[in-house]
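Here is a briefing on side-chain packing and pairing in one protein model. Look over the sequence and the coordinates before reading on.

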Amino acid sequence: MNSERNWFVMYTAPRAEKKVAKRLEENNIEVYLPIIEEIRQWSDRKKKVQRPLFNGYIFVRIEHNRLWEALQVQGAVKFVNFSGTHARVREEEIEAIKRIVNTGVAVEVDSSEIQEGEKVKILGGPLQGFEGECIQKGNQDYFIIRVPSIHQTVMVNVPRKFLEVIS
């Protein structure tokens, strides 16, 4: 079996993403858990909370022959796979997610299937240079980055003036 490390997608127990990531790191396994900050409103107060971008999922960079070892940590459920093959995530997808999370732009995650939209490139702002799809949601334009390995889509609100249609 080859010893190349790839990004795989691990499904965790509900609300266990942070604990699982910490346990994997303690076992010297590279993990990426995208965390976003949002403001939650309660009847008596507002509070900033940090939560995983994708509920129940973390990204694990590991050799294929160590997948079983990673599953031994408490809270790990399984690795996502399609027709018997473990879902791999390309480095570019991980970098795109990191860049979005690091910019702090408002994001929304949508796991429903979205019809293919126009291909666009972002011309300005913190995500300049990204290429993806534009969809309309209500009266706003959203830029989409797909993470096909977990059937998730990251949508970022991008003003129309920053989007250029590409062929």
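Y32, F54 and F59 are joined into a cluster by ring pairs. Rings of Phe, Tyr and Trp (its six-membered ring) pair if their centres lie within 6.5 Å; planes under 30 degrees apart count as stacked, over 60 as edge-to-face and the rest as tilted. The model is predicted: local features need pLDDT of at least 70, side-chain atom pairs count only at pLDDT 80 or more, and totals for chains, interfaces and linings use all residues. Residues are numbered from 1 along each chain as its sequence is written, and side-chain values use heavy atoms, with hydrogens and water left out.

**Aromatic pairs**

- The structure holds four aromatic pairs.
- One of them is F8 with F79, an edge-to-face pair at 6.2 Å centre to centre and 75° between the planes.
- F8 is in strand β1 and F79 in strand β6, so this pair ties together parts that are 71 residues apart in sequence. Strands (E, at least two residues) and helices (H or I, at least four) are DSSP runs, numbered from the N terminus.
- F8 and F79 are buried. Buried means under 20% relative accessible area, exposed over 50%, and partly exposed in between (1.4 Å probe, protein chains only).
- Y32 and F59 form a stacked pair, 6.3 Å centre to centre with 20° between the planes.
- Y32 belongs to strand β2 and F59 to strand β5, so the pair ties together parts that are 27 residues apart in sequence.
- Y32 is buried, and F59 is buried too.
- Y32 also has a charge over its ring: the charged end of K98 sits 5.1 Å from the ring centre. The rule requires NZ of Lys or CZ of Arg within 6 Å of the ring centre and within 35 degrees of the ring normal.

**Salt bridges**

- Side chains of opposite charge can pair when their charged atoms come close.
- The rule used is a side-chain nitrogen of Lys or Arg within 4 Å of a carboxyl oxygen of Asp or Glu. The count comes to ten salt bridges.
- E30 and R5 meet in one, at 2.7 Å from N to O.
- E30 lies in strand β2 and R5 in strand β1, so this bridge ties together parts that are 25 residues apart in sequence.
- E30 is partly exposed at 29% relative accessibility. R5 is partly exposed at 37%.
- A network of salt bridges links R5, E30, R61 and E91.
- E63 bridges to R66, with the closest N and O atoms 3.5 Å apart.
- E63 counts as buried at 15% relative accessibility. R66 is partly exposed at 24%.

**Helix α1**

- Which residues of helix α1 (residues 17–26) are buried? They are E17, V20, A21 and L24.
- These residues cover an arc of only 100° around the axis, which puts them on the same side of α1. The arc is that of the directions from the helix axis to the C-beta atoms.
- Their cover includes β1 (5–12), β2 (30–32), β4 (46–52), β5 (57–63), α2 (67–70) and β6 (76–79). Contact here means heavy atoms within 4.5 Å.
- The face turned away from the buried side of α1 carries the exposed residues K22 and E26.
- K22 and E26 meet in a salt bridge at 2.9 Å, N to O. They are four residues apart in α1, so about one helical turn separates them.
- K22 counts as exposed at 51% relative accessibility.
- N28 follows α1, with a positive phi near 60°.
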